[in-house]
Amino acid sequence: MTPSTLSYLKWPLVVTALGLVLSAWLGWETQHTLRAALSFLLVGSVLAVLEISLSFDNAIVNANKLEEMTPLWQRRFLTWGILIAVFGMRIVFPLAIVAIFAWVNPLEAMRLALAEPEEYSRIISHAHGPIAAFGGTFLMMVALKFFVDEDKSIHWIEWLERRLRRCGSVRGFEIAFVLLIVVLISQYIGESSRGSFLFSAIMGLLVFTLVDGLGTFLDQSSQSIAHLGAKGGLGAFLYLEVLDASFSFDGVIGAFALTTNILLIAIGLGIGAMYVRSMTIMLVEKGTLQHFRYLEHGAFYSIFALAVIMFLQSLFHVPETLTGTIGVALIGYALLSSIRHNRRQAEG
């Protein structure tokens, strides 16, 4: 029997309850006032909603990739992957940024996060430009790889996607396109920041090429079918982890606009990550991507939009609410188009 939609939300709801209680307790322990407890509770809730709204497209892309993985590697991604997503990206990643940009050891970065949150937030904000360049480059390559695939047979926006598919026959088209965007954006960045922007963008391109190439190599280099499945799973696993990291940049950076308390950020974004995990499982087990044929397209348009926004954030601040709204709107419109298509097919 197919599980109900509510059954997929069991653990996220449990984590939500625990997380909100912890948020209120953290506020009380920080200032010992009811007002602080309620304030931390509100911020934790907003952070969770922010993470969910920014991650609809992440869940759809994860589901698409998971369908290609063996059951063993699916389980590993949904267990190890969530630990890496919550503890790695929401706690270790911000600490690593501070350690690198402030030239301090990780323990000192932890001390800054807990004892000097304002200074910690300032360092994070200073690192926003290079992080946006890396994430924007990686995510734009992810989106373009989907649209320029010569084997792609389903098109949502026909006039555009057919032309993009034909571009797939031009070797290195997506790399040249992304580099052109990077060069154009860099012309509007101050000389003091231009070097770090270009370096980070090139690193984003390099990491995508290495991860994507590694996945292909692992898929093709084994000698037995069983070994092939395990290796292919590893390649897809690595790809998804880097992809999740790129998606997380925006949420983690945006979180510091609401609070500088790293523990509260980890709680709020961790709650959101649990919903993303459950949405991914539901999409895979219910076969939603097959039933709603344009949903995947909407996700990749959303990824492209997020990449553009991350590049623009190197020049000026773009509200996270706008980012989340654009993603949800694109996916919602793709879902509506899929329903209309299914209805026409049924009537025909």
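1. Serine 186 sits in helix 10 of this predicted model. Its relative accessibility is 2%, so serine 186 counts as buried. Leaving aside residues up to four places away in sequence, serine 186 touches Arg194, Phe197 and Leu198. Helix 10 covers residues 173–186 and has the highest mean pLDDT among the elements of the protein, 93.

2. Confidence elsewhere should be read element by element. The protein has a mean pLDDT of 80, with 87% of its residues at 70 or more. Helix 12 (residues 225–255) has the lowest mean pLDDT of the elements, 64. Over residues 222–232 the pLDDT stays under 50. For that stretch the model has 11 contacts beyond four places in sequence.

3. On the overall architecture: the protein has 16 helices and zero strands. Of its 348 residues, 49% count as buried. Taking contacts between residues at least 6 apart in sequence, 78% join residues at least 24 apart. The points below give individual cases.

4. How do helix 2 and helix 13 pack against each other? The angle between helix 2 (residues 10–31) and helix 13 (residues 262–285) is about 170°, and their axes are 9 Å apart. An angle over 145 degrees counts as roughly antiparallel, and helix 2 and helix 13 are therefore roughly antiparallel to each other. On the helix 2 side, the contact is made by Trp11, Pro12, Leu13, Val15, Thr16, Gly19, Leu20, Leu22, Ser23 and Leu26. Helix 13 contributes Leu263, Leu264, Ile267, Ile271, Met274, Tyr275 and Ser278. By class, the residues of this contact are 13 nonpolar, four polar and no charged.

5. Helix 6 (residues 106–115) and helix 7 (residues 117–126) pack at about 115°, with their axes 5 Å apart. Ala109, Leu112, Ala113, Leu114 and Ala115 of helix 6 make the contact with Pro117, Glu119, Tyr120 and Ile123 of helix 7. This contact has eight nonpolar residues, no polar ones and one charged.

6. The aromatic pairs number 10. One of them joins phenylalanine 138 and phenylalanine 208, with an edge-to-face arrangement, 5.6 Å centre to centre and 75° between the planes. Phenylalanine 138 belongs to helix 8 (residues 128–147) and phenylalanine 208 to helix 11 (residues 191–220), and the pair links distant parts of the chain, 70 residues apart. Both phenylalanine 138 and phenylalanine 208 are buried.

7. Tryptophan 156 and tyrosine 294 also form an aromatic pair, stacked, at 6.5 Å centre to centre and 20° between the planes. Here too the pair links distant parts of the chain, with its members 138 residues apart. Tryptophan 156 is in the loop between helix 8 and helix 9 (158–167), while tyrosine 294 is in the loop between helix 14 (288–291) and helix 15 (295–312). Tyrosine 294 has 9%, so it is buried.

8. Tryptophan 156 and tyrosine 294 belong to a cluster linked by ring pairs. The cluster consists of Phe146, Phe147, Trp156, Tyr294, Phe300, Tyr301 and Tyr333.

9. Leucine 42 lies in helix 3 (residues 34–54). Why does leucine 42 count as exposed? The cut-off for exposed is over 50% relative accessible area, and leucine 42 counts as exposed because its relative accessibility is 57%. Leucine 42 and glycine 268 are 226 residues apart in sequence, yet 9.9 Å apart in space, C-alpha to C-alpha.

10. Threonine 321 is placed in helix 16 (residues 320–347). Its relative accessibility is 60%, so threonine 321 counts as exposed. Between threonine 321 and leucine 50 there are 271 residues of sequence separation and 7.4 Å of C-alpha to C-alpha distance.

11. Most residues other than glycine have a negative phi. Histidine 32 has a positive phi of about 60° although it is not a glycine.

Definitions and conventions: Residues are numbered from 1 along each chain as its sequence is written. This is a predicted model: local features need pLDDT of at least 70, side-chain atom pairs count only at pLDDT 80 or more; totals for chains, interfaces and linings use all residues. Side-chain values use heavy atoms; hydrogens and water are left out. Axes are lines fitted to C-alpha atoms, for helices over the stretch in contact, and angles run from 0 to 180 degrees between N-to-C directions. Helices (H or I, at least four residues) and strands (E, at least two) are DSSP runs, numbered from the N terminus. Angles under 35 degrees count as roughly parallel, over 145 as roughly antiparallel, 65 to 115 as roughly perpendicular and the rest as oblique. Contact means heavy atoms within 4.5 Å. Ala, Val, Leu, Ile, Met, Phe, Trp, Tyr, Cys and Pro count as nonpolar, Asp, Glu, Lys and Arg as charged, and the others, Gly among them, as polar. Rings of Phe, Tyr and Trp (its six-membered ring) pair if their centres lie within 6.5 Å; planes under 30 degrees apart count as stacked, over 60 as edge-to-face and the rest as tilted. Buried means under 20% relative accessible area, exposed over 50%, partly exposed in between (1.4 Å probe, protein chains only). pLDDT is the predictor's confidence in each residue, from 0 to 100.
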